[in-house]
Structure formats: structure tokens, C-alpha cells
Amino acid sequence: MGIESIGNNILKLRRAKGVTQEVLAEFTGVTKTSVSKWETGVTLPDIQILPLLASYFDVSIDDLLDYVSALDQKQIRFHYHRLADAFSSRPYTGVLEECWELVRKYYSCYPFLQQMIILMLNHIDAADTSENRQKAFHLAFTLCERILTECQDRTICKNAVSFRAMLNLYQGKADLVIEELEKEALDVNLAGDTDVLLAMAYLTADKKKEAGEIAQTGMYHSLMGMIRHGVCLLQAVEHDISYGMLLLTRLDKLIDNFSLLHLNPNITGGYEYQAAIFLAGRNNRIIQSENITDEKRLLAMDEDVFIRLERYIVSCRQLFLDDMRLHGDDFFRSLDQWLENMDSGTVASRSRSSVLKSVLDSLKHPLFAGLKDQKRLQKLAEEIQNVENQPSDKNL
């Protein structure tokens with residue numbers, strides 16, 4: 001919105017109505033010269049005249065000013081992915097400023113604000129300076145508070161609570177997260193599982209198609225939650241080797257049974273990477289406690305770690321071959337439409353280049369420095385780089 005757009009709107013509306021500048025000037029109580037200056041962008045109408053103009057042309061003041069307070073889903077997706085690409089190709093400062101400008105323009109469009117928080121969460125690590133990193137945090141926190149204070153959409157508000165918790169964790173403020181979430185997370189009396197209730201309601205109303213769709217998405221949510229909780233549990237029991245191995249055995253079966261490598265390689269990649277870290281830590285403790293120096297035995301112990309790292313790279317490879325898009329499969333066959341209806345759509349929330357950088361950085365974990373076959377580790381890094389540089393082909 002600017003002087004030119006308002007002037008153009010007045011010009012278009014006047015011509016559509018088929019009246020002269022003199023007629024419009026007489027109605028609004030100004031001179032023909034004033035109307036001419038509006039239409040050429042020299043000046044703006046006085047604020048007291050805007051209601052008269054809107055009434056005369058039978059439009060809202062927002063339409064007259066060419067102002068849109070809310071974006072539709074398609075527009076939100078466009079801005080999100082455009083800005084996500086910009087973070088990997090343009091200076092961080094400029095992209096952050098553009099984010100602020102859009103936020104100010106659509107400050108009452110809460111679905112858009114929600115996506116902007118996600119954008120910040122996914123690109124805070126790309127900040128080139130500590131100052132920009134703090135600016136990104138500030139923007140994300142500001143939007144969380146805006147949503148929680150003003151938004152009436154319960155789902156968006158619930159998401160904002162989770163986003164705020166993530167932001168606090170990023171900044172090492174775990175105590176704030178615990179204080180806010182602990183009571184709800186541990187209260188067995190709080191009624192959740194609204195998707196199950198909805199599925200039951202659909203069945204009662206003999207809407208089996210709808211019941212099947214909501215049941216599938218609910219299963220998908222639960223399955224992804226199982227793996228994410230498993231990753232956290234694996235970190236929590238790093239010193240309990242027997243329990244950790246039991247956990248890996250059960251999660252491996254879950255991943256195989258539901259073909260998660262092809263359904264969601266992002267989630268399996270995170271799991272396999274954490275499994276590699278757990279096993280590398282286990283090996284270090286065993287080596288130190290038993291004072292193992294035998295080269296063959298050390299290589300044999302490393303093999304478990306490399307198997308997990310290779311699976312990690314396979315998951316990352318599949319992610320690139322899927323063009324980093326979420327999708328369903330022959331079991332979760334109702335998932336594609338549900339994913340398509342998300343504000344961000346099925347397109348990945350991060351660029352390929354930023355994901356590749358994260359993968360390469362992850363292979364530099366200190367625990368992997370102790371692996372005997374460093375050439376094998378380097379080969380894994382080269383493999384994922386080669387796959388990323390190839391054109392995406394879903395048929396590979």
C-alpha cells in the first residue's frame with residue numbers, strides 16, 4: 001500500500017463508475033485539482049475524506065487503500081518458501097528486515113504469524129552474527145506473545161506454546177519450559193486425544209470415510225511422536241546401556257513395520273543419528289572401563305556405529321530423492337490430502353543447502369572423532385554431497 005496504489009484505485013473506481021474528476025470533487029467537497037493529485041500520486045486524500053470516497057464507490061476503506069489484513073493459505077505458503085529460499089541465498093540481515101515488514105503488514109493474520117515463527121525456528125542457526133540471531137529470537141518470541149494474547153484459534157495458540165518452549169530451549173532456558181509445560185504433560189486427568197473422539201463421532205454418524213481419514217492422521221501423529229519420544233529417551237538413558245539397546249530394538253521394529261524410511265526419512269534420519277551417538281558413547285565407556293587396545297576389537301565395536309551412520313545417510317539420501325516433500329504411502333493413503341492442507345504445504349520447511357550443511361556438520365560430532373576408520377566417515381560425507389548435487393528424481 002502506498003500513495004501510487006491509492007491513487008490508482010481512485011482512478012480505476014472513478015472510471016468504472018463513469019464519472020469525471022469534477023463530479024467526484026463536488027461529492028467530496030474538494031477541487032478538481034485535488035482529485036487529479038490523488039490519482040497521479042502527488043498527494044493523499046485527507047483521512048476524513050476516506051469514508052466519503054468508500055461510500056461513493058461502494059467499497060470498504062480497506063479496498064480503497066488496497067489493504068489486505070489477512071492472507072489465504074496459498075499466499076502464506078508463497079511467502080514462507082520465498083523467504084526460506086532467501087535465507088540461503090541472500091544476506092541474513094536483509095531477509096530478517098523483510099520478515100519484520102511482512103509481520104507488521106499482516107499483524108492480525110495469525111496463521112501467517114505462526115508460519116513466520118516456524119521460519120525463524122528453522123533458520124535461527126543460519127544467522128551470520130550473534131546480533132542477527134538475537135533479532136530472530138526476538139521476532140519469534142514477539143509473535144508467540146502476540147498469538148497467545150490476541151488470537152482466538154485454540155490450535156494456533158497451542159502451537160504457539162510449543163514454539164515458545166522450543167525457543168526457550170534454544171536459549172538454554174529449560175527451567176521456563178518445565179515450569180510452563182510440566183503440569184499439563186504429567187496430568188493424567190487432562191483429556192487429550194481429540195482426534196480419537198472425532199473418529200468415534202464420525203463412526204456414530206456412519207461417516208466411515210471421514211472416520212478412516214482422521215484415524216490415519218491420528219496414527220501418523222502418534223507414530224511420529226513415538227519416534228521423537230524414543231530419540232529423547234535414548235539421550236536420557238545414555239548411561240543405561242542395556243535399556244538403551246532394548247529401546248533401539250523396539251524402535252527398529254517400529255520403523256521397519258511401518259516403512260518409515262520411505263514414509264518420513266527426516267524422522268528416521270534423526271533417530272539413526274541419535275542411535276549412532278548412543279552407540280559411540282557406549283563404546284567409549286566400555287573401552288575406558290576395560291582398557292581395550294586391540295585394533296580388531298575396536299574396529300568391530302565401531303561397526304555398530306557405522307551401520308547407524310550409514311542408515312542416517314540413507315535416510316538423508318531418501319529425503320533429497322523425495323525432493324524434501326512430505327507424503328503418505330500405501331498404508332497412510334489419506335495422508336497426502338491432509339498434508340496438502342497444512343499452511344506450509346508438503347514442501348520442506350528448509351532449503352536443500354541448509355539441510356546438507358546440517359548433515360555435514362552432524363558428522364563432525366566429537367564422539368565420531370574416536371572412530372578408527374575416519375576415511376569411512378569421510379566417504380559418508382562425500383556420498384550425501386554427491387546425492388544432493390544430483391537432480392531430484394522421485395523414481396530413483
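A disulfide here is a pair of cysteine sulfur atoms within 2.5 Å. Before selecting anything, note that this is a predicted model, where local features need pLDDT of at least 70 and side-chain atom pairs count only at pLDDT 80 or more, while totals for chains, interfaces and linings use all residues. Residues are numbered from 1 along each chain as its sequence is written, and side-chain values use heavy atoms, with hydrogens and water left out.

Start with the cysteines. Searching the whole structure turns up zero disulfides. Select C109: it takes part in no disulfide, and the nearest cysteine sulfur, in C151, sits 9.9 Å away. C109 is also buried, at a relative accessible area of 3% (buried is under 20%, exposed over 50%, partly exposed in between, using a 1.4 Å probe and protein chains only).

Next, select D206, in the loop between α12 (194-204) and α13 (208-236). Helices are DSSP runs of H or I with at least four residues, strands are runs of E with at least two, and both are numbered from the N terminus. D206 is not a glycine, yet its phi is positive, near 60°. This residue is exposed, with 57% relative accessible area.

Last stop: S259, in the loop between α14 (241-257) and α15 (260-263). S259 isn't a glycine either, and its phi is positive at about 50°. With 38% relative accessibility, S259 is partly exposed.
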